[in-house]
Amino acid sequence: MLEKSRAMDVDCIAYDLEYCVVPSRKPEARANIHRFLQTRSAGVKENAVRINAVDTGLALHDLTEVLKAPCLDTIIVPKVNSPSDLNFVTDVIRHTLPERHTENPSNRSAPPVNILALVESARAVTDLNSICRASPYLSGLIFAAEEFALDLSLTRTPSLLEFLYARSAITTACRAYNLPSTIDLACASWQGAEAQQKLKEECIGGKNLGFNGKQCIHPTQVPVVQTAFRA
């Protein structure tokens, strides 16, 4: 599966250590990603790894292993509920890769590792101002709609109106704090013409709210999303 991703032409690809890996296989998964990210794929502009949430106790193990990979660009942090989650990740990044995170950019051996924060809860949405100021390496926010719906006991509807406040808050915060990446919710549909049309409509709606990207969960979604957000 990792090797298949090398053939993709995408802005960013995320390798997941959270939901996609059972606890007993996480050490193996970390090692696999570390080995895989020794080289770059021609069509992938940004290599990201989604670690486990800070409060699980697994994040430090994830970071210690994957930060060694020379072709890692970004860490995706799930379940960011407060600035302390990003403070922790930032401290580990600086400690592990001091040569990439010196205060003087001219002394860095390579660009710093960026952080993308997943917004998944009511608590996170109400504390976006502090979260956006929590790390100098924070490059954007991602809206995790399914987890947010679970937190608020919401039912996702085709209109997505139940997420309007949270999505607007995220795009506004990113703009206010000059975060370049504002990534919208994933579309669960991908098979058939009807699903592709739904995806296109979601892309347009997200773009109109201020998002400049969208999560994809299947390769067939990529061309539709790229066309919508590059227009």
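Are F143 and F148 buried or exposed? F143 is buried, and F148 is buried too; buried here means under 20% relative accessible area, exposed means over 50%, and partly exposed is in between (1.4 Å probe, protein chains only).

A quick word on the model. It is predicted, so local features need pLDDT of at least 70 and side-chain atom pairs count only at pLDDT 80 or more, while totals for chains, interfaces and linings use all residues. Residues are numbered from 1 along each chain as its sequence is written, and side-chain values use heavy atoms, with hydrogens and water left out.

**Aromatic rings**

Back to those rings. The structure holds four aromatic pairs. Rings of Phe, Tyr and Trp (its six-membered ring) pair if their centres lie within 6.5 Å; planes under 30 degrees apart count as stacked, over 60 as edge-to-face and the rest as tilted.

| Pair | Centres | Planes | Type |
|---|---|---|---|
| F143 and F148 | 5.5 Å | 65° | edge-to-face |
| F143 and F163 | 5.5 Å | 75° | edge-to-face |

F143 sits in strand β5 (residues 138-143) and F163 in the loop between α6 (145-152) and α7, so their pair ties together parts that are 20 residues apart in sequence. Helices (H or I, at least four residues) and strands (E, at least two) are DSSP runs, numbered from the N terminus. Ring pairs join F143, F148 and F163 into a cluster.

**Two helices side by side**

Now for α2 (residues 59-66) and α3 (residues 83-96): their axes come within 10 Å and cross at roughly 30°. Axes are lines fitted to C-alpha atoms, for helices over the stretch in contact, with angles from 0 to 180 degrees between N-to-C directions. On the α2 side, A59, L60 and L63 make the contact, and on the α3 side F88, V89 and V92 do; contact means heavy atoms within 4.5 Å.

**A proline in a loop**

P180 is found in the loop between α7 (164-176) and β6 (181-184). P180 is exposed, with a relative accessible area of 53%. Leaving aside neighbours within four places in sequence, P180 is in contact with S139 and N212. From P180 to I204 it's 24 residues in sequence and 19 Å in space, C-alpha to C-alpha.
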